[in-house]
Amino acid sequence: MIATYGFHATLTAGPALGDSLIDLLLTGLEEGGPAASEHCLVYLLSRSASDPDVVHVTEGWTTEEDHHRHFAGTAARALVAQVTALLAKEPEYTDHVPVGGKAAF
């Protein structure tokens, strides 16, 4: 499968909540979570080197429609609500179209 839709989000957690935010976002990879979908081809979390409460999320999906369909589901909406509760400000989003690359852990 090829990712044709994606985005990058910068999330700023409340003071000292960066670890909790990352732990919560990682639950999206668990069975039933939106990032566990076969349509989610990239789900990368990273943290700011200068501010541990700033978390970056990069996602790549097979299609924009697949992303929206999964995030309309109950599990994804519940996860988004929990994430939102940890944030100090509104997330910043940048949309993109993946063209290639590599991730290895």
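Two strands pair when DSSP finds at least two bridges between them. Helices (H or I, at least four residues) and strands (E, at least two) are DSSP runs, numbered from the N terminus. The structure above is a predicted model, in which local features need pLDDT of at least 70, side-chain atom pairs count only at pLDDT 80 or more, and totals for chains, interfaces and linings use all residues. Residues are numbered from 1 along each chain as its sequence is written, and side-chain values use heavy atoms, with hydrogens and water left out.

**Exercise 1: The sheet**

Task: Find the bridge partner of Phe-7 in E4, then work out the order of the strands in the sheet.

Solution. 
- Step 1. Start with Phe-7: its bridge partner in E4 is Asp-95.
- Step 2. Look at the two strands involved. E1 (residues 5–12) and E4 run antiparallel and are joined by five bridges.
- Step 3. Move to E1 and E3. These strands are antiparallel too, with eight bridges between them; here His-8 has Thr-58 in E3 as its bridge partner.
- Step 4. Go on to E2 and E3, an antiparallel pair joined by seven bridges. A hairpin of six residues connects E2 to E3.
- Step 5. Strands E2 (40–47) and E4 (92–96) are the edges, since each pairs on one side only.

**Exercise 2: An enclosed strand**

Task: How many of the eight residues of E3 are buried?

Solution. 
- Step 1. Count along E3: seven of its eight residues are buried, so the strand is largely enclosed by the rest of the structure.

**Exercise 3: Two packed helices**

Task: At what angle do H1 and H3 pack, and which residues meet?

Solution. 
- Step 1. Recall the general idea: two packed helices are described by the angle between their axes and the distance between the axes.
- Step 2. Know how the axes are set: they are lines fitted to C-alpha atoms, for helices over the stretch in contact, and angles run from 0 to 180 degrees between N-to-C directions.
- Step 3. Read the values. H1 (residues 18–26) and H3 (residues 74–86) pack at about 175°, and their axes are 10 Å apart. That makes H1 roughly antiparallel to H3 (under 35 degrees is roughly parallel, over 145 roughly antiparallel, 65 to 115 roughly perpendicular and the rest oblique).
- Step 4. List the residues: Ser-20, Leu-21, Leu-24 and Leu-25 of H1 meet Leu-79, Gln-82, Val-83 and Leu-86 of H3. Contact here means heavy atoms within 4.5 Å.
- Step 5. Sort them: six are nonpolar, two polar and none charged. In this sorting, Ala, Val, Leu, Ile, Met, Phe, Trp, Tyr, Cys and Pro count as nonpolar, Asp, Glu, Lys and Arg as charged, and the others, Gly among them, as polar.

**Exercise 4: Aromatic rings**

Task: Why is the pair of Tyr-5 and Phe-7 tilted?

Solution. 
- Step 1. Set the rule: rings of Phe, Tyr and Trp (its six-membered ring) pair if their centres lie within 6.5 Å; planes under 30 degrees apart are stacked, over 60 edge-to-face and the rest tilted.
- Step 2. Count: this rule gives three aromatic pairs.
- Step 3. Apply it: the ring centres of Tyr-5 and Phe-7 are 6.4 Å apart and the planes meet at 55°, so the pair is tilted.
- Step 4. Widen the view: ring pairs link Tyr-5, Phe-7 and Tyr-93 into a cluster. Both Tyr-5 and Phe-7 are buried.

**Exercise 5: Single residues**

Task: Is Ala-76 buried or exposed, and what about Ala-16?

Solution. 
- Step 1. Ala-76 sits in helix H3 and is buried, at a relative accessible area of 2%.
- Step 2. Beyond its neighbours within four places in sequence, Ala-76 is in contact with Pro-34, His-70 and Phe-71.
- Step 3. Ala-16 lies in the loop between E1 and H1 and counts as exposed, with 71% relative accessibility.
- Step 4. The phi of Ala-16 is near 65°, a positive value in a residue other than glycine.

Terms used:
Buried < 20%, exposed > 50% of the residue type's maximum accessible area, 1.4 Å probe, protein only.
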